[in-house]
Amino acid sequence: MTLALPPADELRVAGRRVRCRITGDGPPVVLLHGIGRTMEDFADVHAGLARDHRVLAMDLPGHGGSAPLDERHSLPTLAAAVADFLDAAGVAGPAHLVGNSLGGAVAMRLAADAPHRAASLVLVNSAGFGREVTFALRLLALRPLARLLLRPHPAVARRTERAIFHDPAYVTEARITTALAAARQPHAARVLLEVVRSLGTFRGVRPEWRAELLDAVAALGLPALVVWGDRDLILPAAHFSFARSRLPGARGHLFRDTGHMPQIERAAEFEALVRGFWSPSGAARPA
């Protein structure tokens with residue numbers, strides 16, 4: 001049964017508008033979406049987790065209904081913005097950080113920069129574990145093409161959604177409408193290009209920031225769960241094996257016949273997996 005979610009809220013964070021949804025009581029959980037996306041990518045698990053956790057989801061700065069930053073959008077500035085959001089929401093202690101795609105890298109950066117913020121990491125098809133990335137994102141590093149490729153259009157939105165999911169049944173009109181609305185924000189293209197170019201080039205994701213970040217996260221010794229879909233067309237499942245080698249203490253799960261967003265395509269299984277990981281004995285079990 002799908003649980004209904006309340007409408008989105010807004011917080012003022014450092015003078016900026018942040019679209020968010022905060023529900024439930026209990027240990028805090030933070031849900032972080034991917035590049036060019038919104039917090040709706042976690043809608044299918046948000047309500048379930050909120051039955052016994054305080055669940056905080058946000059549109060990252062310059063994404064969806066959140067205002068952009070005054071500074072350039074990069075991994076460190078996005079992580080700092082999440083920290084500011086948590087302060088505004090009254091979360092001072094450690095939280096379970098859950099990130100999909102770019103959101104996984106933001107979660108790792110936040111944990112590395114402010115270890116007191118992180119109780120654990122759940123990294124879902126996360127950026128940061130390999131150079132390979134979908135050709136569409138690599139093209140955005142080419143300035144002559146980028147603006148043309150980012151012009152909002154229903155056909156482009158549909159193709160993007162189709163690349164994200166292995167099962168085409170998840171490519172719904174509602175998801176296409178949400179994606180188009182986000183892409184039509186006046187700052188959306190600029191923000192996306194700033195993030196893409198800070199993380200990679202036409203050749204793929206830059207190795208320098210990945211190596212530094214993974215070293216920092218591994219040194220923390222945080223409980224970590226790495227989740228992937230074996231049919232991911234955005235960040236290939238080969239990254240899953242590398243993630244397990246770079247974070248040898250992490251638990252891992254590879255979903256079969258699943259694309260870039262297991263939290264949607266395998267929502268019930270994903271929630272059960274995460275709950276098991278958060279259980280008192282779960283994070284201590286061998287990988």
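**View 1. Surroundings of the His33 side chain.** A polar atom of the His33 side chain lies 2.9 Å from the backbone nitrogen of Leu60. This is a predicted model, in which local features need pLDDT of at least 70 and side-chain atom pairs count only at pLDDT 80 or more, while totals for chains, interfaces and linings use all residues. Residues are numbered from 1 along each chain as its sequence is written, and side-chain values use heavy atoms, with hydrogens and water left out. His33 sits in the loop between β3 and α1 (43-49); helices (H or I, at least four residues) and strands (E, at least two) are DSSP runs, numbered from the N terminus. His33 is buried, with a relative accessible area of 0% (buried means under 20%, exposed over 50%, partly exposed in between; 1.4 Å probe, protein chains only). Not counting residues up to four places away in sequence, His33 touches several residues, including Phe42, Met58, Asp59, His63 and Asn100 (contact means heavy atoms within 4.5 Å).

View 2. Eight strands form an open sheet with mixed pairing, in the order β1-β2-β4-β3-β5-β6-β9-β10; two strands pair if DSSP finds at least two bridges between them. β1 (9-13) and β10 (251-255) are the edge strands, each pairing on one side only. Within the sheet, β2 (residues 16-23) and β4 (residues 54-58) pair in the antiparallel sense over four bridges. Thr23 stands opposite Val55 in β4. Helix α2 (residues 75-88) lies across β1, β2, β3 (28-32) and β4, at about 105 degrees to β1. Helix α10 (residues 238-246) touches β9 (224-229) and β10, and its direction makes about 170 degrees with that of β10. Axes are lines fitted to C-alpha atoms, for helices over the stretch in contact, and angles run from 0 to 180 degrees between N-to-C directions.

**View 3. Contact between α6 and α7.** The axes of α6 and helix α7 (residues 173-183) come within 9 Å and cross at roughly 115 degrees. Pro154, Ala157, Arg158 and Glu161 of α6 meet Glu173, Arg175, Ile176, Ala179 and Leu180 of α7. By class, this contact has five nonpolar, no polar and four charged residues (Ala, Val, Leu, Ile, Met, Phe, Trp, Tyr, Cys and Pro count as nonpolar, Asp, Glu, Lys and Arg as charged, and the others, Gly among them, as polar).

View 4. His153 is found in the loop between α5 (143-149) and α6 (154-164). His153 is partly exposed, with a relative accessible area of 45%. The C-alpha atoms of His153 and Ala183 are separated by 8.8 Å, with the two residues 30 apart along the chain.

Technical notes:
Polar contact = N/O pair within 3.5 Å; in protein donor to acceptor, adjacent residues only side chain to side chain.
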